[in-house]
Amino acid sequence: MITLDQIPMLAVPSMNDRHLEESLIINRLEVAVANNDIDEVYLILRELLEHTGLHYFDEEALMEETLFPTFKTHKKEHDRHLGELRSVIEYFDKHKDPRAVSAYIEGSLSAWTLHHADTMDRMLALFLEERATNASAAAK
Ligand SMILES: [Fe+2]
């Protein structure tokens, strides 16, 4: 389970909101897996894919718009993560085996999500904060 204190607090509130929502979906997925609730796991996996896809789409648009210097490296990590999530879903749909999803949550998903937020997203948030500070200083 991801706890609130594990989610890194960044300088951009909307990024924190997305990370909190994502963590809550992951926690619900973990509960459904533990309950061996195949239908619920099926639905939550889709919800997670949709949420993650939209979250990355918005974040990437923001990076492009602000000419964030490491946009390409950051996007590559998003793409890799989305690809991994899609293959886990494909495997689950085929085998209906919640253990595979449990192994994914424990072995990658939770730790990766928190690490990404704490490193790449933190860099982006600092960049955006600095940009906003410079813009308001220039306006004075
Ligand atoms: Fe990101």
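I began with N36, which is exposed (12 or fewer other C-beta atoms, placed from the backbone, within 10 Å of its own), because 12 other C-beta atoms lie within 10 Å. I noted that this is a predicted model, where local features need pLDDT of at least 70, side-chain atom pairs count only at pLDDT 80 or more, and totals for chains, interfaces and linings use all residues. Residues are numbered from 1 along each chain as its sequence is written.

I found N36 in the loop between α1 and α2; helices here are DSSP runs of H or I with at least four residues, numbered from the N terminus. The phi of N36 is positive, near 60 degrees, and N36 is not a glycine. Most residues other than glycine have a negative phi.

Next I looked up K96, in the loop between α3 and α4. K96 also has a positive phi, about 50 degrees, without being a glycine.

Then I turned to helix packing. I read an angle of about 170 degrees between α2 (residues 38-65) and α3 (residues 71-95), with axes 11 Å apart. Axes are lines fitted to C-alpha atoms over the stretch in contact, and angles run from 0 to 180 degrees between N-to-C directions. So α2 is roughly antiparallel to α3 (an angle over 145 degrees).

Last, I checked the inside. What is the size of the largest nonpolar core? I noted 14 residues, with L29 and V33 among those with the most contacts inside it. Such a core is a set of buried Ala, Val, Leu, Ile, Met, Phe, Trp, Tyr and Cys residues joined through C-beta atoms within 7 Å, where buried means 20 or more other C-beta atoms within 10 Å.

Key:
Helix = DSSP H or I, 4+ residues; strand = E, 2+ residues; numbered from the N terminus. Parallel < 35°, antiparallel > 145°, perpendicular 65-115°, else oblique.
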